[in-house]
Amino acid sequence: MHTAITSQAPTSADACLSIVHSLMCHRQGGESESFAKRAIESLVKKLKEKRDELDSLITAITTNGAHPTKCVTIQRTLDGRLQVAGRKGFPHVIYARIWRWPDLHKNELKHAKFCQYAFDLKADSVCVNPYHYERVVSPGIDLTGLSLQHTAPSRLVKDEYGHDSQLNGSGAGEGSQTVQHPPQDNFGLMPGLQPQASKFRPASSVIPVLVGTSGMGASMGTGYDSYSAGISAAYSRRNSNQLPPLTNQPPPEFWCTITYFELDQQVGETFKVPSGCPSVKVDGYTDPSSIDRFCLGQLSNVHRTEASERARLHIGKGVQLDCRGEGDVWIKCLSDHSVFVQSYYLDREAGRAPGDAVHKIYPVAYIKVFDIRQCHCQMQQQAATAQAAAAAQAAAVAGNVPGPASVGGIAPAVGLSAVAGIGVDDLRRLCILRLSFVKGWGPDYPRASIKETPCWIEVQLHRPLQLLDQVLQAMPLSDPRPTRLIPWMN
């Protein structure tokens, strides 16, 4: 009797608990059990008033997509992401991981033509029916040699000094906080050409590059330089005329400053990159006078550790930072070894919460790591949210927010305190990139933070700081005025 009951799929008329229990039985293990349960409970509760959509979800999941089903929609949030159990992610990605592809990445999803509310269509509602999406794989990732039974973080995030000339897997495994960004290896592909008869599409933030056949970064010569330069120029032309500038202010004197650290100690002076020099290389060599090369090899440190000394030997050609358009930033990994990047833009592209992931960029990869328009939108939203929360908190303390939950005229303001506590430093972090050479950090490594890596740089972007200064100055005069950020841009 019990078997007969559990084998029958529930309907929208059943209790939420029964529906959740049934849907949990079909999860694929892409998320922890507790997270999956919270996400499914949240979805079922939202669909309780839309019974036809809830029935479509139940049918799709319990039959593994064997029968056609309609869109299953939830309201689109301001930033497009859904928060579940303290984590934020793109909703269609979250549920696709739970029920179809446990190792899925955001850039690997393509909606079916019949889906009317697909995430990419930017409608007010978002379809989260996993069977309304298909998975596409970037041509830069070879999945043929993967063995699912043996995939483990130790293979995924190999922490050695050996050359990173081959990938051991794609993306981040279950429980991994390191997101991999391999090169797009369209061997022999000339600029302007696309692979014929390819059903794949590359990740939106990754540009295909011409890859040498040996030595990786060491083998990249004029062919690679001219190819990537052509790609960059094409990208700039494509985007420069589409959108109006974010500000009429002239560009700052320096588009970025780069500070070098060993562990938690700054080494040497901050390197300033003029706005007239949109590309800069950070390498392990010794030229002390170049304006477009920050050579870390010529910097001395009397407190240098053996780990830093060893890691510095492997920086090699390092990385190249390219400023494109009004302030977008791309990175080329020129070294024979991967670099590890903290980037809010890449976090968002991977469906992660800001600061939640570390991004491993392989040799030869050329990838976008900063989007100035996204950053500008994010700083406006955070500043407005913090301002509104501060006003609400002040009203609550003054007893102007009555309600059954208030005590003596003072409403609970724990959530408000956290939001109202956003300060200038929090907003300034949106304008910063951090990059570690050779060694990674995070849960997949023995180092908890970037400040425990042997050699790393912090890149402060000045155009975004200009925009942040405008955002802060636009706040009402009645609010406490934060310190302006102009000193960082001189």
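**Exercise 1.** How do the residues lining the second largest cavity divide into nonpolar, polar and charged?

*Solution.* Before we start: this is a predicted model, where local features need pLDDT of at least 70, side-chain atom pairs count only at pLDDT 80 or more, and totals for chains, interfaces and linings use all residues. Residues are numbered from 1 along each chain as its sequence is written, and side-chain values use heavy atoms, with hydrogens and water left out.

Step 1: find the lining, meaning residues with an atom within 4 Å of a cavity point, on a 1 Å grid over the protein atoms alone where a 1.4 Å probe fits but cannot get out. Among them are Ser343, Tyr344, Asp371 and Leu433.

Step 2: sort them, with Ala, Val, Leu, Ile, Met, Phe, Trp, Tyr, Cys and Pro as nonpolar, Asp, Glu, Lys and Arg as charged, and the others, Gly among them, as polar. You get eight nonpolar, three polar and one charged.

**Exercise 2.** Find the element that gives the most to this lining.

*Solution.* Look along α10 (372-397), a helix (a DSSP run of H or I, at least four residues, numbered from the N terminus). α10 comes out on top, with three residues.

**Exercise 3.** Is Arg304 buried or exposed?

*Solution.* Step 1: recall the cut-offs: buried is under 20% relative accessible area, exposed over 50%, partly exposed in between (1.4 Å probe, protein chains only).

Step 2: Arg304 has 19% relative accessibility, so Arg304 counts as buried.

Step 3: check its surroundings. Arg304 sits in the loop between β13 (293-295) and α8 (306-312). Leaving aside neighbours within four places in sequence, its contacts (heavy atoms within 4.5 Å) include Glu262 and Val267.

Terms used. Helix = DSSP H or I, 4+ residues; strand = E, 2+ residues; numbered from the N terminus. 1 Å grid on protein atoms, 1.4 Å probe; cavity = no way out; pocket = protein on both sides within 12 Å on 5 of 7 lines; lining within 4 Å.
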